[in-house]
Amino acid sequence: MDSTADLTGSDHVADQYASTDNLRTRRDVWGPGPEGVSPVDVLRTLVIASHPARLIEIGCGTGAFARSVLDEAPGIDYVATDLSPAMVAATRALGVTAEVASSDVLPFGDDSFDGAVAAWMLYHVPDLDGTLRELRRVLRDGGTLHVATNGREHLAGLLRAAGGDALVTQFMSEDAAEVLGRHFEHVVQRDVETRATFADHATACAYLATFSPTLARSLPHFEGPRTYAGHTAVLSAH
Ligand SMILES: C[S@@+](CC[C@H](N)C(=O)[O-])C[C@H]1O[C@@H](n2cnc3c(N)ncnc32)[C@H](O)[C@@H]1O
């Protein structure tokens, strides 16, 4: 059975991202799926191919994605933003321009950017349409928004093994195109399967503990490594 998870509460988001630890623990297990590509690689390729002169990223996390884009395309005027001061500090430490900002009140004028990125963060925002309106406002006509998110079956094998349910959020691969279509005329989606590899039971428990200590305690012991499928989508909208 699925359960709808409210990942948008301001206390939940503030606690979850008060430091970079939870995000780094989760990120470390992910690798390419059967197609040999990771969704992050797909997202980066799309962003660079759209040749933005000035780009905003919302919910930039540790800044790793911004850094990787700038390493390949150093000419982009890249402005990273995040609600969490710890994330902004980590991003600045990578040499990326970053500001604390809530995605629904972006401190930039109309038509300021050619491109925007929102990677694995739209399921957290309290007012999803408000954030998309704000992105539309700061993007010039024809500017492209690139997003990434997870699908209904994302890591469901691990969640079910721990006695939990698949996670259903407000912005999933299954409805992302329809949601973006409320604000953008053209939306293109690519689904990307990915793989989470846990070296051992303790690593899988540590991953679960970043968002559910209860599930972490309930995961039956297993020996050796385990791999689970992740289901993600990368979308571009203009
Ligand atoms: C799951 S992490 C993803 C981080 C990064 N985009 C990545 O892919 O690694 C979600 C990020 O969104 C940020 N965030 C959550 N709600 C936000 C909001 N309303 N405005 C701006 N950032 C927000 C969090 O602080 C966190 O850094």
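**Entry 1: the model.** I am working with a predicted model.

Entry 2: Eight strands form an open sheet, and the order reads 2-9-10-7-6-3-4-5. The pairing is mixed. I then checked the edges. They are strand 2 (30–32) and strand 5 (98–100), each of which pairs on one side only. From one strand to the next, the twist averages 25°.

**Entry 3: strands 4 and 5.** How do strand 4 and strand 5 run, parallel or antiparallel? They run parallel, and three bridges join them. Strand 4 covers residues 77–82. I found Thr-81 opposite Glu-99 of strand 5.

**Entry 4: helices on the sheet.** Helix 5 (residues 85–93) packs on the sheet and touches strand 4 and strand 5. I read an angle of about 170° between the directions of helix 5 and strand 5. Helix 6 (residues 128–138) also packs on the sheet. I noted its contacts: strand 3 (54–58), strand 6 (113–119) and strand 7 (139–150). The direction of helix 6 makes about 145° with that of strand 7.

**Entry 5: around the ligand.** I turned to the ligand, which 20 residues surround. The closest are Tyr-17, Gly-59, Asp-82, Ser-103 and Ala-119. By type, the shell has 12 nonpolar, six polar and two charged residues.

Entry 6: Which backbone atoms lie by a nitrogen atom of the ligand? For Leu-83, a backbone N or O atom is 3.2 Å away. A polar backbone atom of Ser-103 is 3.0 Å from a ligand nitrogen. For Ala-119, I noted 2.8 Å between a polar backbone atom and a ligand nitrogen. Taken alone, the ligand exposes 590 Å², and the protein buries 93% of that.

Notes
Residues numbered from 1 in each chain as written. Predicted model: local features only at pLDDT ≥ 70, side-chain atom pairs only at ≥ 80, totals over all residues. Heavy atoms only, no water. Pairing = 2+ DSSP bridges. Helix = DSSP H or I, 4+ residues; strand = E, 2+ residues; numbered from the N terminus. Axes fitted to C-alpha atoms, helices over the stretch in contact; angles between N-to-C directions. Contact = heavy atoms within 4.5 Å. Near = heavy atom within 4 Å. Polar contact = N/O pair within 3.5 Å; in protein donor to acceptor, adjacent residues only side chain to side chain. Areas by Shrake-Rupley, 256 points an atom, 1.4 Å probe, with all protein chains shown as cover. Nonpolar A, V, L, I, M, F, W, Y, C, P; charged D, E, K, R; others polar.
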